[in-house]
Each structure stands twice: as structure tokens, then as C-alpha cells.
Amino acid sequence: MSRQAANALVWAVLLTMPYWLGVVGGYTELGSRVLVLGLAAMSLNFLLGFTGVLSFGHAAYFGLGAYGAALTLKYLAPSTPLAVLVGVATGAVAAAIIGAMIVRLRGVYFAMVTIAFGQVFFFIAFRWNSVTGGDDGVTGWKRQAIGLGQWVIDIQGNDKTFYYFTLALFAVGVGIMALLLRSPFGRTLLAIRENERRARFLGLPVEQHIWLSFVISCLFVALAGALYALLNNFTDPRALRWDQSGNFVIMAVLGGMRSFWGPLIGAAIFVLLQDYVSSHTENWMSFIGVFFVLIVLFFPRGVLGIVRRK
């Protein structure tokens, strides 16, 4: 299958998902969750799969995006677009500051420091009860309809409309990442991933490119976090916890972390398994863990790698 045909198939599935998801036992909100977590996994993959840098702290920026959107709607203004912008800006600014401090680290040291910063944000959200609600989360707010002159986009009470609102922002994020990866900047990231020493000998500013990749990745994961808060009309410290970062890594590896659409496929598998297995047992993560181990052992290129081999 050509790249153009594969892209067309993915977009056809996403555009029609609310109409066929119910036939296979799903529901529209489940499709929205696939989009949101798929965007988060693809954002992480921008750094992990195409730059070769592992972060276990992306939940921090996912959670900052969620809290930024929730707190904006609760305390600043009942505006969904403003909430999304504040959430994205919050995650991007935090990533720019933290990335500048850790960009010279590599390997396990980079991964461990990202976990440490993520836990700092987690404990701030957990302990700052007067603003974040602590362990109870931010409640008493909900996403608002979007007014466009005489037209109103009712994402407040219509799950299908919210799905297409999420899909539109997903398309913007995915489109920008695709353009960046096809640009000279994206080719430089691939060169750094394949051989950082050789890239440095060629005179490439390696640290600057890794910092930009980190900020771009965190910006889009913050967008996913803002959409996640709007989807649930709620957010709590679990959005910031380190195991959420682990989930993003699992999604990327499941689908195929060196492919563009692989993390979306991994997110879909993860969300669908979680929804189905958790309705039968509380130990649903054990089943996902076993599935993940089997994929890593026998199909290290992920599910998309299996399809390509066939």
C-alpha cells in the first residue's frame, strides 16, 4: 500500500468513526479518547521515534495542558478556545524552560530527569488544594459551546460535535508534525537519531535541535491534555503522574515508534483493550502488560511493522 493510500485510509476511518463505532460495540466518546491519546502518543513519538530521545515525563505537559484548560474555564472565562490556548501555552512554556536545563543529558539520565520534573508538577497539583482541588481534581466547570457569529458549535452537549472538534485540532497538530518531519529540520532530527556524533561532526547544532524537538513534542502533548480535560469535563493529578507517561510510551511502541501513524494505532489498541477488559476485571493492566511484552519480544517494530511485513 502506498503512503498516500495509507493516509487516505486513516483519515477515512477517523472521519467516519462516529457512524460505525456503535456497530462494533463502541461509543462516540471512546472515539474522542482514541484521538486525544493518539495525539499524545504521536507527540511523544516526535521526540522518541524521530529524534531518538526517550522522555518518561510527558505526562507533566499533558497534565499542564489539562489543568491550564480546566482552570481557565473555572476561574478566567467560559471560553473553550481560550482554555485550549492557555493549556497549550502553559505546557509549551514549561517545556521550553525545562528543556533548556536538561538538553545536554542523554539516555537514562534524560529519562530520569524528565520523571523527576513530572513528579514535581504532580505534587504541586496534589498539594495545592485551594486552586487545583488536590486529589479531588478541578470540578465545577464544563466545556462551553463555541460561538462563530450567527453559528454555534455545540460541543457542550453533543458528543458527535465534540468528536469532530477534537478531530479538527488533531488534524492541525498531526499536519504540522508531518510538515516538520518532511522539512530539512525533520531530516536533521533523523540524522541525530541515527548517529548523533556524526551529526555533530557535520556542524549541526545538536542541542538546539533536540531542544526544539522537545518543545514541539510537549506543545502538542499539552494540546492533547487540554482536549482530554474538555472531554471529561474534569482533571486531577493522575493526568500528571509518571505512569501516564509510561502509557504514552507503551502506545508508541505497540503501534510502531518509528512510523508516523503507529502511535495512533497503538493508542487505539490501548484504549479499546482498556475499555473492554476493564469492564470484566479490575486487573485490566495485566492483560495490556502481557500483550505489550509479546509485541516487544516477537514484533519489535510494533503492530504497524507486522502489517508492513505482511
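Biologist: Which residues are linked with Arg 106 in a network of salt bridges?

Modeller: A salt bridge here is a side-chain nitrogen of Lys or Arg within 4 Å of a carboxyl oxygen of Asp or Glu. This is a predicted model, where local features need pLDDT of at least 70, side-chain atom pairs count only at pLDDT 80 or more, and totals for chains, interfaces and linings use all residues. Residues are numbered from 1 along each chain as its sequence is written, and side-chain values use heavy atoms, with hydrogens and water left out. The network joins Arg 106 with Glu 196, Arg 200 and Glu 207.

Biologist: How many residues apart are Arg 106 and Glu 196?

Modeller: These two form a salt bridge, with their closest N and O atoms 3.0 Å apart. Helices (H or I, at least four residues) and strands (E, at least two) are DSSP runs, numbered from the N terminus. Arg 106 sits in the loop between helix H4 (80-102) and helix H5 (107-127), while Glu 196 belongs to helix H9 (residues 196-201). The pair thus links distant parts of the chain, 90 residues apart.

Biologist: Is Arg 106 buried, exposed or partly exposed?

Modeller: Buried means under 20% relative accessible area, exposed over 50%, and partly exposed in between (1.4 Å probe, protein chains only). The relative accessible area of Arg 106 is 24%, so this residue counts as partly exposed.

Biologist: Which residue meets Glu 194 in a salt bridge of 3.5 Å, N to O?

Modeller: Glu 194 forms a salt bridge with Arg 193, where the closest N and O atoms are 2.6 Å apart. The partner you ask about lies in the loop between H11 and H12, 64 residues from Glu 194 in helix H8. That partner is Arg 258.

Biologist: Why does Thr 235 count as buried?

Modeller: Thr 235 is found in the loop between H10 and H11. Contact means heavy atoms within 4.5 Å, and Thr 235 touches residues including Ala 66, Tyr 67, Trp 141 and Ala 229. Thr 235 counts as buried because its relative accessible area is 3%.

Biologist: Which helix supplies the largest share of the lining of the largest pocket?

Modeller: On a 1 Å grid over the protein atoms alone, a pocket is an open set of points where a 1.4 Å probe fits, with protein on both sides within 12 Å along at least five of seven lines, and lining residues have an atom within 4 Å of a point. The largest pocket is lined by 43 residues, with Val 10, Phe 260, Trp 261, Ile 265 and Leu 304 nearest its centre. Among the helices that give two or more residues to this lining are H1 (3-20) and H2 (28-51). The largest share, 10 residues, comes from H1.

Biologist: What volume does the second largest pocket have?

Modeller: Of the 18 residues that line the second largest pocket, Tyr 228, Arg 238, Gln 244, Asn 247 and Gln 274 are closest to its centre. H11 gives the largest share of that lining, 4 residues. A volume is the space filled by probe spheres set on the grid points, which are joined across faces, edges and corners. For the second largest pocket this comes to about 540 Å³.

Terms used. Lists of a residue's contacts leave out its neighbours within four places in sequence.
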